[in-house]
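Work through these exercises with the model at hand. Try each task before reading its solution.

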Amino acid sequence: MYSWFVELSPIMQALLATLFTWFVTALGAAMVFFFKKINRKVLDGMLGFAAGVMIAASFWSLLAPAIELAEETTNSPWIPAVIGFLSGGAFLWLADQYLPHLHLGFPKEEAEGIPTSWRRSVLLVMAITLHNIPEGLAIGVAFGAVAAGIPAASLAGAIALAIGIGIQNFPEGAAVSVPLRREGMSRTKSFMYGQASGIVEPIAGVIGAAAVLLMRPILPYALSFAAGAMIYVVVEELIPESQLEKNTDIATIGAMLGFAVMMTLDVALG
């Protein structure tokens with residue numbers, strides 16, 4: 001059914017897959033044309049769902065293949081996995097310290113990163129953009145791993161990863177555009193800001209696929225790096241934001257469902 005996709009280069013596959021995830025972000029942002037406000041319980045459930053998807057993807061699509069690949073070249077396969085995983089978290093931590101951004105639900109005065117005069121809308125987009133970088137990298141690296149002939153990697157698994165990340169991008173787009181509309185911004189402008197947060201994914205996806213094709217030995221580290229960066233986002237941002245209004249049960253159920261959906265996609269299709 002998707003034979004035409006199989007025949008494409010891994011870089012083009014990664015580009016198309018991340019364009020899909022960007023498109024889903026835009027679909028979420030388009031909710032601003034129908035709603036001026038998102039029920040907080042619904043938003044917390046969606047944020048929890050996104051967290052569950054990213055946790056499952058980090059293991060089944062990234063860490064497990066990284067460890068299996070490392071077993072072929074070293075007697076200590078956990079070393080590349082640990083180094084890559086912690087490096088991914090460190091990269092996001094550094095970006096968090098220096099890139100100006102504002103998490104959902106916080107006043108502009110609590111923006112993180114270096115001080116700036118950027119508007120609240122730009123800061124909100126930057127926060128979502130920050131955690132879209134590892135998502136794009138993860139998809140690109142997954143397609144690169146397939147092209148590199150890694151036994152633990154499969155095209156179906158890479159596609160499942162893109163679908164899973166695309167699903168969890170929907171609430172992210174809405175989480176940016178709808179609050180901006182509520183603050184008085186026009187629907188069109190709110191939509192443009194919401195979809196803009198996903199632009200980085202195709203860029204990161206192409207970089208990830210190209211990197212592992214050019215430097216195959218780094219693949220276990222690259223897979224683990226993407227996993228570490230995604231887990232950092234989940235623990236530092238998604239889970240805390242889903243708990244702000246004390247809707248802990250809804251957010252937790254959302255996380256369980258997200259994990260189950262991504263696990264099913266990866267195991268069934270991979």
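**Exercise 1.** Find where Phe 33 is located in this predicted model. Then decide: is Phe 33 buried, partly exposed or exposed?

**Solution.**
- Step 1. Look between helix H2 (10-29) and helix H3 (40-71): the loop there holds Phe 33.
- Step 2. Take the relative accessible area of Phe 33, which is 39%.
- Step 3. Buried means under 20%, and exposed means over 50%. Phe 33 has 39%, so Phe 33 is partly exposed.

**Exercise 2.** Which residues does Phe 33 touch, not counting residues up to four places away in sequence? How many Å separate the C-alpha atoms of Phe 33 and Pro 240?

**Solution.**
- Step 1. Leave out residues up to four places away in sequence; Phe 33 then touches Arg 187, Thr 188 and Phe 191.
- Step 2. Go to Pro 240, 207 residues from Phe 33 along the chain. The two C-alpha atoms are separated by 28 Å.

**Exercise 3.** How many cavities of 30 Å³ or more does the structure hold? Describe the lining of the largest cavity.

**Solution.**
- Step 1. Count: there is one cavity of 30 Å³ or more. The largest cavity has a volume of about 50 Å³.
- Step 2. List the lining: Leu 92, Asp 96, His 103, Ala 127, Leu 130, Tyr 232, Val 233, Glu 236 and Glu 237.
- Step 3. Assign elements. Helix H4 (78-98), helix H5 (120-147) and helix H9 (219-242) each give two or more residues to this lining. H9 gives the most, with four residues.
- Step 4. Sort by type: five lining residues are nonpolar, one is polar and three are charged.

Terms used. Residues are numbered from 1 along each chain as its sequence is written. This is a predicted model: local features need pLDDT of at least 70, side-chain atom pairs count only at pLDDT 80 or more; totals for chains, interfaces and linings use all residues. Side-chain values use heavy atoms; hydrogens and water are left out. On a 1 Å grid over the protein atoms alone, a cavity is a set of points where a 1.4 Å probe fits but cannot get out, and a pocket is an open set with protein on both sides within 12 Å along at least five of seven lines; lining residues have an atom within 4 Å of a point. Grid points are joined across faces, edges and corners, and a volume is the space filled by probe spheres set on the points. Ala, Val, Leu, Ile, Met, Phe, Trp, Tyr, Cys and Pro count as nonpolar, Asp, Glu, Lys and Arg as charged, and the others, Gly among them, as polar. Buried means under 20% relative accessible area, exposed over 50%, partly exposed in between (1.4 Å probe, protein chains only). Contact means heavy atoms within 4.5 Å.
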